[in-house]
Amino acid sequence: MIRFLTAGESHGPVLTAVVEGFPAGLPVTATHIDEQLKRRQGGYGRGGRMKIESDRVAILSGIRGGYTLGSPISLSIENRDWANWREIMDPGPGALLAERVVTRPRPGHADLPGAIKYSHRDMRNVLERSSARETAARVAAGALARRLLEELGVRVVGLVTAIGQVQSNPRELPPEQLAGMAAASELYCPDSIAEKEMIKAIDKAREDGDSLGGVFEIRVYGLPPGVGGFAQWDRRLDGRLAGALMGIQAIKGVEVGLGFEAAAMPGSRVHDDIFYSGERGYYRKDNGAGGIEGGMTNGETVVVKAAMKPIPTLYKPKQSVDIETKEVFVASVERSDVCAVPAACVVGEAAVAWEIAGACLEKFGGDTLAEIKERWSLYLAKVRQF
Ligand code: EPS
């Protein structure tokens, strides 16, 4: 079993992740993690904060000489903006708590329910942690999972497929090609025609003081059948993936394979026929199931989609009520992203990589990467002969 926790405020000194349960012997360096952190910071539509931050990981434990030790791995990412918030965020009694107090909750944000829950009169005490800045730590933990999957030949690719009303249908291409095309796009969208329209839509939202959501798709290539489980609700891989994706700030819906579309189609069109050839073993020509049947991988590419709502910090705000004066207000904000769907896509990749790595370790687990690889190869040979 692998697990991780993150800690840290958006304008505090650092974000931290503590990762536990990883096998020993996994080759990983700060560069692997930094690559993913950089991708998360990218994407057309980000705001002023990303000009301040330049996320880099410091590995504080659990990795030595470029290999995991089997002991807990602690990762830390500096918040450069902290320099501007030092006195306000200070943990000591001298903190300037009367400055930058937030009493005006943003509709759609954690501000108001979080303040009521913890009895905070200053909603900064909520927004500092509910902020999507936290996802940097999740991406760092996910980078370790991605590294483990790479060692097994499993590839996780994320694509942005919709921004606001603009949709694209990603083509069926080999994963390397698809990942390359997504990487070359400012929106991580491998469809250059749709990308242009998406950029226009983001520019328009920015001019209007508005924000935009969208959809991203995560594909996982190279998994054998039988990862996950059908025998208990919490072993079902689709449930685990949906939970992990819904756990990302602003994600409002998840689909596996055909997803909601399947509800409107007859069964004869939804379910994928099963074929067999000596060379490929069992396979499907369609993938309506999104690579998951009965809570387990079926050997096809795992395909999950997530819908992100538009960011609730708007230059053109909704109506809200000041919690001190109880007066209605319509105020504007100082700084915000217009669209963070590409960033959320990278976080989604991390979340999916994490769950898949966890399920793989449950099936093929061992204390060292060598043991896991041995079990993985034996199982793959068995699957081919089944
Ligand atoms: C966020 C608000 C913005 C974003 C932030 C998430 O930060 P700030 O309030 O400092 O301008 O930039 O995202 C990040 C800092 C990040 O690294 O992704 C929010 O309210 O969720």
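Predicted model: local features only at pLDDT ≥ 70, side-chain atom pairs only at ≥ 80, totals over all residues.

Modeller: Threonine 313 counts as buried because its relative accessibility is 12%, below the limit of 20%. Leaving aside residues up to four places away in sequence, threonine 313 touches Arg106, His109, Val333, Arg335, Ser336 and Asp337. With one of these, arginine 106, the contact is polar: the two side chains approach to 2.8 Å.

Around the ligand stand His11, Arg40, Arg46, Arg49, Met50, Arg106, His109, Ser131, Ala132, Arg133, Arg335 and Asp337. By class, the shell around the ligand comprises 7 charged, 3 polar and 2 nonpolar residues.

For arginine 49, a polar side-chain atom is 2.7 Å from an oxygen atom of the ligand. For histidine 11, the distance from a polar side-chain atom to a ligand oxygen atom is 2.8 Å. In arginine 46, an N or O atom of the side chain lies 2.9 Å from an oxygen atom of the ligand. Of the 470 Å² of accessible area that the ligand has on its own, the protein covers 86%.

Most residues other than glycine have a negative phi. Serine 119, however, has a positive phi near 60 degrees; its place is the loop between helix 4 (111–118) and helix 5 (124–130). Tyrosine 188 also has a positive phi, of about 55 degrees, and lies in the loop between helix 7 (175–183) and helix 8 (192–207). Serine 119 is exposed because its relative accessible area is 64%, whereas tyrosine 188 counts as buried because its relative accessibility is 9%.

The largest nonpolar core has 81 residues, and Phe22, Leu75, Leu144, Phe216 and Ile356 have the most contacts inside it. Helix 11 (residues 341–364) gives the most to this core, namely 16 residues. Apart from this core lies another, of 7 residues, including Leu159, Leu173, Ala182 and Tyr221. Within the largest core, leucine 75 has among its contacts Leu15, Val19, Ile33, Val57, Ile59 and Leu144, residues up to four places away in sequence not being counted.

Terms used:
Residues numbered from 1 in each chain as written. Heavy atoms only, no water. Core = buried A, V, L, I, M, F, W, Y, C linked by side-chain atoms within 4.5 Å. Buried < 20%, exposed > 50% of the residue type's maximum accessible area, 1.4 Å probe, protein only. Helix = DSSP H or I, 4+ residues; strand = E, 2+ residues; numbered from the N terminus. Contact = heavy atoms within 4.5 Å. Near = heavy atom within 4 Å. Polar contact = N/O pair within 3.5 Å; in protein donor to acceptor, adjacent residues only side chain to side chain. Areas by Shrake-Rupley, 256 points an atom, 1.4 Å probe, with all protein chains shown as cover. Nonpolar A, V, L, I, M, F, W, Y, C, P; charged D, E, K, R; others polar.
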